[in-house]
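We will go from one stop to the next.

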Amino acid sequence: MKEKELRRSLSVFPIGTVMKLTDLTARQIRYYEEQQLIQPQRNDGNRRMYSLNDIDVLLEIKDYLAEGINMAGIKHIYEMQEQEQEKKQAALKRPVTDEDVRRIFHDELLQQGRLNNDEQGHSTLFHTHKPL
DNA sequence: ATTCTAACA
DNA sequence: TGTTAGAA
């Protein structure tokens, strides 16, 4: 089932189409590329060509933004997803130790909270209101 | 007609 | 982020 992923990776849409599909401005789309969140291909005329995967990411970014997550936070999310895939491939060769399980669980709980803080070190604490 | 880069009353 | 100028 690799053929499908291959097609989703084909860069076939010009930015105008992506704008309509995502309801994002060209400025925003290019900016997110600058932030390394997508890496559209370029055609012969130096025009950006986007894949379905690129569009999916753009749509996700829009959702994250709507949820109040800033660029720094969104970058972290994708950085983490990359790291998680590296883990899954490492886990394929090396049996999972219980220390691994601890770390994975820990990161997962963190992932839900860290997102509302920016890099400048806010203290936007979100408390799990436990009644005393 | 579309998209690109660079820049900012 | 918006917008705009000048080029491709």
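Start at Arg 47. A polar atom of its side chain sits 2.7 Å from a base oxygen of DNA strand B; N or O atoms paired within 3.5 Å count as a polar contact, and within protein one must be able to donate a hydrogen and the other to accept it, with residues adjacent in sequence counting only if both atoms are side-chain atoms.

Before moving on, note that this is a predicted model, in which local features need pLDDT of at least 70, side-chain atom pairs count only at pLDDT 80 or more, and totals for chains, interfaces and linings use all residues. Residues are numbered from 1 along each chain as its sequence is written, chains are lettered from A and ligands numbered from 1 in the order in which they are written, and side-chain values use heavy atoms, with hydrogens and water left out.

Select Arg 30 next. One of its polar side-chain atoms is 2.6 Å from a phosphate oxygen of DNA strand B. For Arg 42, the distance to a phosphate oxygen of DNA strand B is 2.9 Å from a polar side-chain atom. Now show everything around DNA strand B: Pro 14, Ile 15, Gly 16, Arg 30, Arg 42, Asn 46, Arg 47 and Arg 48. Near means a heavy atom of the residue within 4 Å. Of the DNA strand B atoms within 4 Å of the protein, 78% belong to sugar or phosphate and the rest to bases.

Which residues lie around DNA strand C? Select Thr 25, Arg 27, Gln 28, Tyr 32, Arg 47 and Leu 65. Here 32% of the DNA strand C atoms within 4 Å of the protein are sugar or phosphate, and the rest belong to bases. Zoom in on Arg 27: a side-chain N or O atom is 2.9 Å from a base oxygen of DNA strand C.

**The core**

Select Ile 29, Leu 58, Ile 61, Ile 74 and Tyr 78, which have the most contacts inside the largest nonpolar core, a set of 19 residues. Such a core joins buried Ala, Val, Leu, Ile, Met, Phe, Trp, Tyr and Cys residues through side-chain atoms within 4.5 Å; buried means under 20% relative accessible area (1.4 Å probe, protein chains only). Domain 1 (1-67) and domain 2 (69-122) both contribute residues, so the core lies between them; the bounds come from an automatic or database domain assignment.

How values were computed:
Buried < 20%, exposed > 50% of the residue type's maximum accessible area, 1.4 Å probe, protein only.
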